[in-house]
Amino acid sequence: MRNSWLVPAGAVAAVLVIAACGSSSSGSGGSGGSGSSPAASGSTLGTHKVGSATVLTNSKGWTLYWFVPDTSTKSNCNGSCIHYWPPVAGPVTAGSGVTGTLGTITRSNGAKQATWNGHPLYTYIGDTGPGTDKGNGLNLSGGVWHAIILTGNAAPAASPSAASGGYGY
């Protein structure tokens, strides 16, 4: 009886190892890889209220963005850009309140990236948590970034020097 706690502890450890293996990522999508990263792959998209706007979010509630230089078939955010604007790995599914057409593109490295209405999706490293959209309206990494607004109006964008939080690149 004195070692009866070993079986439950072993079972818990096994479950944690299996869960960790099942959620591992190859990193080929450039989605950050950090536990605090806003990026998510193969997830259900949602919505979140930011000011008077309802924005599209990943499954963790982080605001999703589109990049003006992208096309419906190609991401133009590569190299150091993906450090600041992690691509959302696809495919994704629509959660409650999500409208629009979801799809995927194939990035130059072969990774699948989620799209919304033909726009490749990204998160922003400068956002501090769900309900923030500090990347909205910034002109960085070769173009302008926009939060995906599903309803309402976005707050006016701050100047890049004030909103970039030191991410001047």
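Modeller: A residue is called buried when its relative accessible area is under 20%, exposed when it is over 50%, and partly exposed in between, with a 1.4 Å probe and protein chains only. This is a predicted model, in which local features need pLDDT of at least 70, side-chain atom pairs count only at pLDDT 80 or more, and totals for chains, interfaces and linings use all residues. Residues are numbered from 1 along each chain as its sequence is written, and side-chain values use heavy atoms, without hydrogens and water.

Biologist: Is T63 buried or exposed?

Modeller: T63 is buried because its relative accessible area is 0%. The residue lies in the loop between β2 and β3 (65–67); strands are DSSP runs of E with at least two residues, numbered from the N terminus.

Biologist: Which atom does the side chain of T63 reach?

Modeller: A polar contact is a pair of N or O atoms within 3.5 Å; within protein, one must be able to donate a hydrogen and the other to accept it, and residues adjacent in sequence count only if both atoms are side-chain atoms. Here the T63 side chain reaches the backbone oxygen of T132 at 2.6 Å.

Biologist: With which strands does β2 pair?

Modeller: Two strands pair if DSSP finds at least two bridges between them. β2 pairs in the antiparallel sense with β1 (residues 44–50) over five bridges, and with β10 (residues 149–151) over two bridges, also antiparallel. K49 stands opposite T54, while V55 has I149 as its bridge partner in β10.

Methods: Helix = DSSP H or I, 4+ residues; strand = E, 2+ residues; numbered from the N terminus.
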